[in-house]
Structures are given as C-alpha cells and as structure tokens.
Amino acid sequence: MAAPASAPAPAARMRASGNWIALLPFAVLVAVWLVVPLTMDVPFYVLPPIGTVIETLWDKLASGELWSDVLSSLGLLFAGFVIGNALAFPLGIAIARSRFVSQLVQPVVIFMQSIAGIAWVPLAIIWFGLGVGSVLFVIVNTIFFANLYNVIAGVRSISPTLFRAVRSHGGRGWQIYWHLVIPGALLQVIVGLRTSMAYGWRALVAGEMIAGSSGIGFRTMEAVQWYKSDVVVLGMLIIGVLWLLMDRILFVPLEARTVRRWGMIHR
Amino acid sequence: MSTAAGVIQSGAPWALAGRLPLRRHMPLILGIAGFAIVIALWEISALAFGLSVRLYPTPLSVLHTFVDLIRKGILPVHVTDSLARYVSGVAIGTVVAVVLGVLFGLNRFVARMMLPLVNFLYAIVEVSWIPLFVLWFGYGPKVILLALIYVVAFPVLFNCLTGVLSVPQVYVNAVRSLGATRAQVIRQVILPAILPNFMTGFRVGAGFAFRALVFGEVIAAQTGLGFLIFEGAQMQDTSRTVVGMISMGVLWLFFDRVYLRPLERATLERWGMIAGEGQG
Amino acid sequence: MNAGVLKSRPVLVTLALAALVFAYWGWSALAGAHKLTDAEIARAAEDGNPGRLDIKVVLPFTPEQFHFMRLQDIGRMAGADASSVNLRGVSVKAARALARRYWVSDIVPLEPQ
C-alpha cells in the first residue's frame with residue numbers, strides 16, 4: 001500500500017499505511033457485493049445489489065422517512081436512559097449506603113437482572129400494546145438494571161475521607177447527597193456508560209423488532225414480510241453506523257476523559 | 001436524616017439479631033425476606049389493578065401454572081430445548097472465534113487489518129442480523145443457532161484480536177529467537193496472554209447470547225423458553241409467560257454461578273490479573 | 001490444575017446432574033415397559049400390519065396443543081376426549097418411547113369401535 005506523500009518519518013509512514021490496510025477487508029467485501037449479483041444468479045432476497053440499496057437509501061432520505069425512524073429510535077433510547085437512571089439512582093444509593101437495604105434487596109435484584117430486557121416484551125405488549133410504550137418499558141427495564149450496579153459501585157467507591165471532609169465543612173444531610181454521593185454515582189455511570197448502553201441499544205433494536213411501530217428496528221423487521229432485502233440490509237447498516245457513531249463520538253471520549261482525569265479503573 | 005433511616009444506619013437490626021442467635025444468618029434471612037416482600041407487593045398490585053388473572057398474573061396463579069406445566073411435561077421440554085440450543089450455539093461460536101482469533105493473531109499485520117472489520121460487524125448488533133437470517137432461512141431453529149453463533153463469536157473474536165495485538169512483540173521475538181516453532185509460540189506466549197481477554201469476551205458473549213436466545217425463540221421458534229413466554233401472551237395466559245421468565249432467570253443464574261464464574265475465577269487466579277466484574 | 005478441579009463446583013454439579021439424568025432414564029424405561037406391555041403391543045397391532053399400532057393414550061390431564069402436535073408427529077389422530085387421545089398407525093418404537101414419558105398415564109390398545 002502506498003503511503004501518503006507527506007509522511008517522511010518511517011514510523012509515521014508505518015502507521016499511515018496501517019490505516020490504509022484496514023480498509024482492505026472492507027474493500028474486498030464491497031467488491032464481492034458488487035460482483036456477485038452481476039455474475040451469479042442470486043435471488044434478490046438473498047443479496048440485494050448494492051445499487052438497489054443505495055437507491056433505497058436515497059428514497060428514504062428524500063422522503064424523510066429515514067430521519068423520522070432514526071430520531072424515533074434515538075429519542076426512545078434517550079428517554080429510556082433518563083427514566084432508567086432516574087429509577088436506578090435512588091435504589092442504588094440506598095443499597096450502597098445501607099447494609100440492611102443491600103442484604104434485603106440484592107438477591108431479588110440479582111434474580112431480576114437475569115431476566116431484564118427482552119423477556120418482558122410479551123408482557124409489555126399485553127399491558128401497553130404494540131408501540132412506543134412497550135419498547136420504552138423494555139429499554140427502561142434494561143438500563144435500570146444495567147446501571148444499578150454502576151450506581152452502587154460509584155457510591156461505594158467514594159472514600160470515607162471525602163465524607164468527613166464534607167461534614168467538616170458543615171455539610172449535612174441532603175448536601176452530602178447532592179455534592180458527594182450523586183456525583184460519585186454519576187461518575188461511575190459515565191465510566192460504565194459504554195457497557196450499559198450496549199445493553200440498552202440491543203434492547204431498543206430487539207424491542208422495536210418485536211413490539212415497535214416505528215423506528216429503525218421496526219422498519220428492518222417489517223421489511224422481512226415483504227421480502228424487501230434492500231430495506232433489511234439498509235437497516236442493518238444504519239444500526240451499525242448509529243452504534244459506531246454513538247460509540248466514537250460519545251462513549252469512547254467520555255470513558256477516556258473520566259478515566260484519564262480521575263484515574264479510575266475501568267470495569 | 002429521618003428516624004427510620006437513622007435507626008437502620010445505627011445498626012439496631014444487628015444489635016437485635018445479636019441477642020438471638022441469628023446474626024450469622026442475617027444475610028440469608030434478609031434475602032428471603034426481600035423475596036417475600038416483593039411477592040407480597042406483587043399480590044397487592046394485582047389486587048389493586050383488578051385486572052383479570054389472565055392479563056396480570058398473581059403469585060398463586062404463577063405457582064399453579066408452574067406445577068401444571070411440569071405435570072403436563074411441557075416445561076421440561078422447553079427448558080431442555082432452550083438449554084440445548086444455548087450450549088451448542090455458545091460452544092460452536094466460541095470454537096469458531098478462538099480458531100479465527102488465533103489464526104488472525106498469528107500475524108500482527110493480519111490482526112491489525114481485520115480488527116476494524118470485526119469491529120464494524122460487531123457494531124451491527126447481533127439482533128439486527130436476525131431479520132436477514134429469517135429472510136434467508138425462514139423461521140426455525142437453524143436461524144436461532146446461527147444467530148447464537150454470531151452473537152458469541154464476535155465479542156470473543158474481538159477480544160482475542162485485541163488481546164493478541166496487546167502482546168508485546170518483544171515476547172514473541174524473544175521466544176522466536178530461542179528457536180521456538182510457530183506452534184510453540186502460540187502455546188507459550190499467545191494463548192496465555194489472551195486468556196483474560198478471552199474470558200471477558202466469553203462472559204460478554206455468553207450474556208448477549210442468552211438474551212439473543214430468548215429473542216430468537218420469541219420470533220422464530222416453536223419450542224423453548226422464549227416461545228413459552230410469547231405463547232403465554234398469545235394465549236392471554238400471562239401466568240405461562242411469567243413461568244417462562246422465572247425459568248429463564250433460574251437457568252441463567254444456574255449457568256452463571258455454576259459454570260461461568262468459577263471458570264473465570266480459575267482462569268484469572270492462575271494468571272493473577274484483576275478481574276472485571278459485572279457486565280464486562 | 002490438580003485433583004482439586006474434580007471437587008470444584010462445575011464438575012460436581014455436572015456429575016450430579018448426569019446422575020439424575022441416568023436415574024430418570026432408568027426409571028422411565030421401567031415405567032414405560034409397565035405402561036405398555038408386550039401383550040398390549042400384540043393386541044394393539046393394526047390388522048395386517050404388526051409394525052403399526054392403534055393405541056389409546058391416557059393422560060392425567062386435558063391435552064392441549066403441545067401434546068396434539070407431538071402425538072400427531074407419530075400417528076394419525078382418531079379422536080380425543082378430556083383425558084385421552086386415540087392414535088392410529090404408530091410405530092412400535094414410537095409407542096414405546098411415548099410410554100416412557102412421565103406425563104403419560106397409560107397406553108392401551110385401541111378397541112375397535
């Protein structure tokens with residue numbers, strides 16, 4: 001692979017050519033995708049030609065359908081995140097601060113955690129019908145349990161010295177919670193955001209596929225009925241791209257910043 | 001602080017328990033009490049909502065259905081079917097991933113080249129492959145097995161690749177310079193080095209795979225716990241659904257506590273590294 | 001790794017489970033032979049075809065979809081009531097396997113109506 005012209009040092013050239021190398025597998029895949037439908041008689045539902053997929057992408061962008069689906073999915077994810085955390089914080093803080101609550105509640109929580117998420121979809125459908133309500137319920141469920149341990153670990157990791165420091169500065173009751181406990185928990189939630197959102201995102205996509213009436217997951221599953229493999233492949237690619245975007249733009253930088261700044265060990 | 005919280009935090013329950021010979025068993029007692037409270041709240045909520053028991057199951061109806069499904073031989077079949085699918089999917093996925101991981105990892109160049117592709121395919125969340133698999137293979141257990149293999153293979157492969165890449169080239173060179181063959185390099189240097197990464201990937205993969213199993217069974221199967229959960233909703237007999245969910249929880253806890261965690265502990269103890277707990 | 005591995009939790013639990021499974025197989029084989037005796041098999045044979053049986057599967061409960069599907073896999077359904085299902089053309093092997101199921105009370109030859 002040729003190195004870019006402006007790379008004088010051998011080390012830099014090695015790294016740059018390393019980046020080019022990474023594109024090779026993708027290029028091979030795209031090439032195969034281009035060639036196979038042309039040379040072999042592959043039915044549409046097995047492998048839609050890349051041209052059709054791009055056409056579909058264009059159509060959906062133009063009609064605005066793509067945006068509304070993506071926004072619907074992301075919006076649900078965000079709402080689920082907020083609600084799930086709002087529920088996880090009080091319980092998590094209570095568990096971390098009181099041995100009594102911890103021993104009382106943890107066995108139940110451990111059990112509930114093992115069925116978090118998808119298993120609730122059929123019940124959700126019966127209670128909330130198909131649509132946003134059910135999907136939101138499943139996401140909140142997943143994020144609640146995913147973050148509960150983050151909150152607990154975050155509070156537990158606050159050193160007693162800090163507590164004494166706040167108290168010695170005259171802090172009492174709610175001030176301790178506001179200035180120390182909640183930020184401590186929040187920190188660990190951010191550190192563990194990448195992992196917890198991995199579960200949340202999967203719950204969103206899976207939930208939409210079974211019980212949704214809008215959003216990317218729903219569209220992708222719906223297209224199976226009509227054998228529209230171009231929509232299916234498009235949906236998959238969009239799901240992948242969305243996660244990568246969230247990961248690179250949000251989670252990785254957050255993780256790097258918090259871990260670097262506060263020197264915490266990532267779980 | 002309120003007096004109730006104050007009482008609890010002052011350690012009064014333990015002082016009280018200390019008077020009775022209960023102190024040692026406090027965690028167990030409280031744990032059981034916790035379950036009892038949740039079940040009681042459940043019963044109360046059922047009464048409060050006043051919905052038909054077919055739509056909002058009560059603890060008793062669930063227990064009754066549980067016994068009923070065992071009596072009729074239904075539950076054991078679903079449990080064993082789910083278990084068989086899960087174990088075979090995880091086993092095959094792990095083997096495929098380890099083989100590929102070592103293969104790619106033998107050559108740092110190849111590993112670095114494949115990593116972004118693996119990363120991208122991993123980002124296309126496993127669940128979003130299921131529509132495509134259904135399109136290709138129709139509804140049925142084949143699809144579920146395939147999805148499971150995929151779900152397990154990617155975290156394991158990804159972690160193995162990053163693990164291999166993190167082995168300092170110095171070690172490999174040192175061993176090579178002592179005259180080691182490729183096979184020996186793999187056995188002595190690469191495999192031990194990637195074991196912690198493998199365990200992390202395996203734990204993540206096993207967890208995702210369990211959820212993918214249920215998801216797959218809800219969509220594409222005629223037997224299994226996922227199917228049972230869905231059937232209950234279809235039949236408007238939510239007690240069945242809850243029995244399926246509880247069985248799921250018990251099954252996962254069994255698998256996690258009996259197999260996954262001891263395996264992780266044994267691996268990490270041997271190589272003395274700090275383990276990551278939780279979701280991995 | 002030393003002998004301690006053998007005493008570890010995964011190994012012990014797996015061995016215990018394996019023991020339970022074997023015990024169940026043994027019990028169900030005995031029970032199955034009791035529910036469907038060779039004499040009954042002879043009596044249940046279809047006219048002109050001793051390899052296929054006409055049987056009445058007696059159940060301690062009302063059969064549901066789950067059971068109908070499994071029974072239809074091994075024979076032609078010829079009627080059912082609140083606690084039994086009539087099957088025709090069941091192979092001897094399948095009938096014996098069915099008898100081993102713990103949820104089957106009894107299997108008797110199907111009396112011609």
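Modeller: Happy to! Of the 113 residues in chain C, 19% are buried (20 or more other C-beta atoms within 10 Å of their own; exposed means 12 or fewer, partly exposed in between, with C-beta atoms placed from the backbone). Please keep in mind that this is a predicted model, where local features need pLDDT of at least 70 and side-chain atom pairs count only at pLDDT 80 or more, while totals for chains, interfaces and linings use all residues. Residues are numbered from 1 along each chain as its sequence is written, chains are lettered from A, and ligands are numbered from 1 in the order in which they are written.

Let's start with the overall layout. Reading from the N terminus, the order of elements in chain C is α-α-β-β-α-β-β-α-β. Chain C is more spread out than a compact globule, because its radius of gyration (over C-alpha atoms) is 19 Å, well over the 13 Å given for 113 residues by the globule rule (2.2 Å times the number of residues to the power 0.38). Taken along the principal axes, the box that the C-alpha atoms of chain C fill is roughly 65 × 30 × 20 Å. Among the contacts in chain C (C-beta atoms within 7 Å) with a separation of 6 or more, 63% join residues 24 or more positions apart.

Now to the strands. Strand 4 of chain C (residues 84-91) pairs with strand 2 (residues 49-58) of chain C in the antiparallel sense, over six bridges (pairing takes at least two DSSP bridges). Here C:Lys56 has C:Asn86, in strand 4 of chain C, as its bridge partner. Strand 4 of chain C also pairs with strand 3 of chain C (residues 76-81), again antiparallel, over four bridges. For C:Arg76, the bridge partner in strand 4 of chain C is C:Arg88. Strands 3 and 4 of chain C make a hairpin, and two residues lie between them.

Note on methods: Two residues are in contact if their C-beta atoms, placed from the backbone, lie within 7 Å.
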